[in-house]
Amino acid sequence: MGILIELYLTFAKIGLFTIGGGYAMIPLITQEITRRNWLSLSEVIDMIAISEMTPGPFAINSATFIGVQQTGLIGGAAATLGVITPSFIIVVLIAKYFAKFKDHPTIQAILSGLRPAVLGLIASSTLVI
């Protein structure tokens, strides 16, 4: 049961702290997966290729692949739920409050600050691959 919680929490962390889509997740996924010895760096590169070839979002494909490899279908479900939970909660909250605050200067500044960060994460992914 401990590995399932670790899979869920690891991928929840990845889902929470990476903004900008699948390519922006590659550095954090690589770090977390290799640090836990779930995959070697060459296996991570293979996982990236497989996740890209498989229909569906990269993050979900990656989480499912690693979860299934670690503990079977239940691990795939735990990792997949982990990676989608933060996005689901954030989207629900944003949908509820965004219309009220979309023109607020602070919100505009935050969105402007996120753009270069996302670009940097995508560039980092390119270098890793």
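This is a predicted model: local features need pLDDT of at least 70, side-chain atom pairs count only at pLDDT 80 or more; totals for chains, interfaces and linings use all residues.
User: How many salt bridges does a search of the whole structure find?
Analyst: Opposite charges on side chains can pair up when the charged atoms come close. Here the cut-off is a Lys or Arg side-chain nitrogen within 4 Å of an Asp or Glu carboxyl oxygen. Run over the whole structure, the search turns up 4.

User: How far apart in sequence are the parts tied together by R36 and E6?
Analyst: The two side chains form a salt bridge, with 3.0 Å between the closest N and O atoms. E6 sits in helix α1 (residues 2–17), while R36 is in the loop between α2 (22–35) and α3 (41–53), so the bridge links parts separated in sequence by 30 residues.

User: Are R36 and E6 buried, exposed or partly exposed?
Analyst: Buried needs under 20% relative accessible area and exposed needs over 50%. R36 comes in at 23%, and E6 has 32%. That puts R36 and E6 in the class called partly exposed.

User: Which residues do salt bridges that share partners join into one network?
Analyst: E32 also has a salt bridge to R36, at 2.3 Å from N to O. Shared partners link such pairs into one network, whose members are E6, K13, E32, R35 and R36.

User: Which residue has a positive phi although it is not a glycine?
Analyst: Look in the loop between α2 and α3, where N37 is placed. Its phi is about 60 degrees, and the residue with that positive value is N37.

Key. Residues are numbered from 1 along each chain as its sequence is written. Side-chain values use heavy atoms; hydrogens and water are left out. Helices (H or I, at least four residues) and strands (E, at least two) are DSSP runs, numbered from the N terminus. Buried means under 20% relative accessible area, exposed over 50%, partly exposed in between (1.4 Å probe, protein chains only).
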